[in-house]
Amino acid sequence: MGLVVEHINKSFGPLQVIKDLSMEVREGSIFGFLGANGAGKTTTMRMILDIIRPDSGRISWNGADVSQVPRKSWGYLPEERGLYPKMVVEEQLLFLARLYGMSKQAAQKELDEWFERFQINANRKKKVEELSKGNQQKVQFLATIMHDPQILIMDEPFSGLDPVNATVLKEAFLEMHGRGKTIIFSTHQLEQVEELCEDVVIINKGESVVQGRVQDVKRQQGRNIVRLKLENDPEVRWLDTLEGVQVTKRRQDYIEMQIQSDRNPNFIVEAALSHGGIINRFELAEPSLTDIFIEYVGRIALPDAPAAVNA
Amino acid sequence: MAKDTLTTPEVDVPAQQQSTIVARSGEASLQNTLRNISLIIGREYKNRVSQRSFKISTAVLMLLIIIGSFVPTIIQFFASGSSLPTKIGLINNAGAVAGLQGASLNHFIETGLNGTTSQAAGAGSGSRFTISSGSSANLPDLLKQVKNGSLPVLLVLNRNGEQQLQFTYYSASDPSSNATDTTLPQVQAIASQLSTMDKSSRLGLTPTQTSSLFTPPSFAVVNTQQVQDHRSVGERVAGSIIAYAGIILIFMSIFMYGMGVAMGVAEEKGTRIMEILVNAATPFQLLAGKILGIGAAGLTQMGALVVVGIASLLLQNPLKTALFGSSSGGFNVDITVVSVTLLALVLVYFILGFLLYASLFAAMGALVKRQDEVQNAVTPITWLFMVGYFVSFFGIYDSSATWVRIVALIPFWTPTVMLMRVGTGTAAGWEIGLSIVLMIAAIFFCTLISARIYRFGILMYGQKPKLRQLAKIARSAKAN
């Protein structure tokens, strides 16, 4: 069952931000929720958490409407991080855990464990504003998971972390997965999605453009990537005229091209040999999520298109 | 793909895209609601009373109240210290005056002078007199004493040819240049009294007949316009002092703690912890917890100040007894005379006024993006509150005028204006009751509207909505 989102719509004034969005998150899975800025990720997350309501459609967790699910079941890490800056770390976390319905003793026990694991015991009596940024992130993460929620909804959990802290958090993240928690997270680091997620959805302008298992999404593309390097012909100009091949990158070390997934890539080897080429490298690859993302979401996120990123 | 190329700050997202009405309300069970509200109250209360500014302001206000209540006693102490009994030398060359002579004459003049003190000299100056008599042979000697200042006043009695009394008053100071010295008029009053008694006794009247001759007629003044105030002068003075201290305290505290509510909401919004809070608790729980928690801190401070105030006022009478031998005389505020109702009303109006204004402050706090915008956002509320504050000070000259009575019943102004009317003794019991009922009704109404604005505002990071939009939200916001 898991989390089922069925045909939800949401408008703010005249602007429709979510259009007929449906998705399904299996219980216990890690689910990547992708989309460009302003695509409606935060709005959808808030609707899943029943902080705001969709205009139409239904969101349910194991069959029950999300408004009926106890608050303790939800853990939310908002994109904009926030804690009481002048409140002592320990008191703050205990307050939030108890607000979620935990008893004081249970919260204290959980807190001691996590402080040990995150190696921030020395900071428990400090005010949040006195902590380093990395430690603040850890505390923020604890604020999301300390009450032992069933479903974790995390908006950009790894943004702004140095590699060491990112690893610490990723381990905690995987441990939550190991405990059987359902995790929905959004990120712009698509390598992480490939590394962590079983399922994924990409939304654009409030609509789902592609979703499913990561493998299926890649196959759905209907294309394979071929990388070729010829020792005696670095440019391989004849590829441009070869039917069924689209060169996507010409790099010093190889040339990357897309072919229809139903075609046997051997025809490229045959063509290379017939052109007298000496093959140094020939490899088949699936398209990366980054490629798929850019293709669906458009050019707004391209690094070389600053016009779209007019912050 | 580098991550920073994708994380575009969401600055150009249209305002309405960010504006959201937080839905979660109503589903929470009563038990959950009470639990969460008390958790939030606990956090807010602890957060506030542990702030240094709270401790300092409480200490400073306590000190001011203690100083304020001791000042009249201290002034009285210094004033009485400077006025030792004034010595008056008396030389009687007139023989028996109205049957009085020697020691009995001295006694009559002494009691006459000291007995008239409070009426003639007024409260506060409390001068006293001792009389020492001498014979006419001592006249040059005593005159010398008057000249060098060791004897302040010398009074000489003679009879002229028609047996009329003649008084001569010797003094080293010029009475006309010393306005505060009431010795001369007091002595003059006694002299004319003696003269009249002397004349009537020579005409054959008994002292009783003489005194009945001079008894003033019974003359009662009844003002049909005013509400009858049966309270004593002391009670009335104490009443207005408590009322004014109460008005100032109420005004300051409601403003200070209301501002605290607005700042607190804006802080939660500005630091974005609001996003976590609305996931854990409902907006209603957050709003109620914040208002009640900060209100409890305010009540703690108010309570401490009131206790210190009452304690130091109660200390005044024992202190006066110790300093002056008796608590009578001088300016005397008897706290026990002040009706308990008035003190209770100060607290009642503080609580109601705070609840009324706090929800408005919270709504304003929810509409701003950052804490530093709060000051501007709450200006309309400040103005609204100030009106009542000023009316309570100007209205005192005519506290039973129709317009003041109406203003006192308007909930936003009741805490200050009605308190003033109660203090001046012009408020009827039914008016106080009605004002409380109206305030409670207004609290429900305002909290309802504020809660809607709050729910709309807490997750809104776009443009501040226009007044018309707000009115629409307040009218139409449904549970979803």
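View 1. Residues up to four places away in sequence aside, B:Leu419 touches B:Ala243, B:Gly246, B:Ile247, B:Ile250, B:Leu345, B:Val346 and B:Tyr349; two residues are in contact if their C-beta atoms, placed from the backbone, lie within 7 Å. Residues are numbered from 1 along each chain as its sequence is written, while chains are lettered from A and ligands numbered from 1 in the order in which they are written. Because this is a predicted model, local features need pLDDT of at least 70 and side-chain atom pairs count only at pLDDT 80 or more, whereas totals for chains, interfaces and linings use all residues; pLDDT is the predictor's confidence in each residue, from 0 to 100.

**View 2. Helix H17 (residues 414–423) of chain B.** Helices (H or I, at least four residues) and strands (E, at least two) are DSSP runs, numbered from the N terminus. Ten of the ten residues of H17(B) are buried, so this helix is largely enclosed by the rest of the structure. A residue is buried if 20 or more other C-beta atoms lie within 10 Å of its own, exposed if 12 or fewer, and partly exposed in between, with C-beta atoms placed from the backbone. Among the buried residues of H17(B) are B:Thr414, B:Leu419 and B:Arg421. B:Gly425, with a positive phi near 75°, follows H17(B).

**View 3. Nonpolar cores.** A nonpolar core is a set of buried Ala, Val, Leu, Ile, Met, Phe, Trp, Tyr and Cys residues joined through C-beta atoms within 7 Å. The largest has 149 residues, and those with the most contacts inside it are A:Ile153, B:Ala262, B:Phe361, B:Ala362 and B:Leu419. Helix H13 (residues 340–367) of chain B gives the most to this core, with 17 residues. A second, separate core of 21 residues includes B:Ile88, B:Ile91, B:Leu113 and B:Met197.

**View 4. The open sheet of chain B.** Four strands form this sheet in the order E2-E1-E3-E4, with mixed pairing; two strands pair if DSSP finds at least two bridges between them. Strand E2 (129–134) and strand E4 (165–171) of chain B stand at the edges with a single partner strand each, so one side of each is left without a neighbour in the sheet. Neighbouring strands of the sheet are turned by 25° against each other on average, direction ignored. Strand E1 (residues 86–92) of chain B pairs with E2(B) in the parallel sense over six bridges, and B:Leu90 has B:Ser133 in E2(B) as its bridge partner. Helix H7 (residues 183–202) of chain B lies across E1, strand E3 (153–159) and E4 of chain B, at about 165° to E4(B); axes are lines fitted to C-alpha atoms, for helices over the stretch in contact, and angles run from 0 to 180 degrees between N-to-C directions.

**View 5. B:Leu165 in strand E4 of chain B.** B:Leu165 counts as partly exposed because 19 C-beta neighbours lie inside 10 Å. Beyond four places in sequence, its contacts include B:Ala94, B:Leu157 and B:Leu194.

**View 6. Strand E6 (residues 74–77) of chain A.** Both faces are covered: A:Trp74 and A:Tyr76 on one side and A:Gly75 and A:Leu77 on the other are all buried. E6(A) pairs with strand E7 (residues 151–155) of chain A in the parallel sense over four bridges, where A:Trp74 stands opposite A:Ile151 in E7(A).
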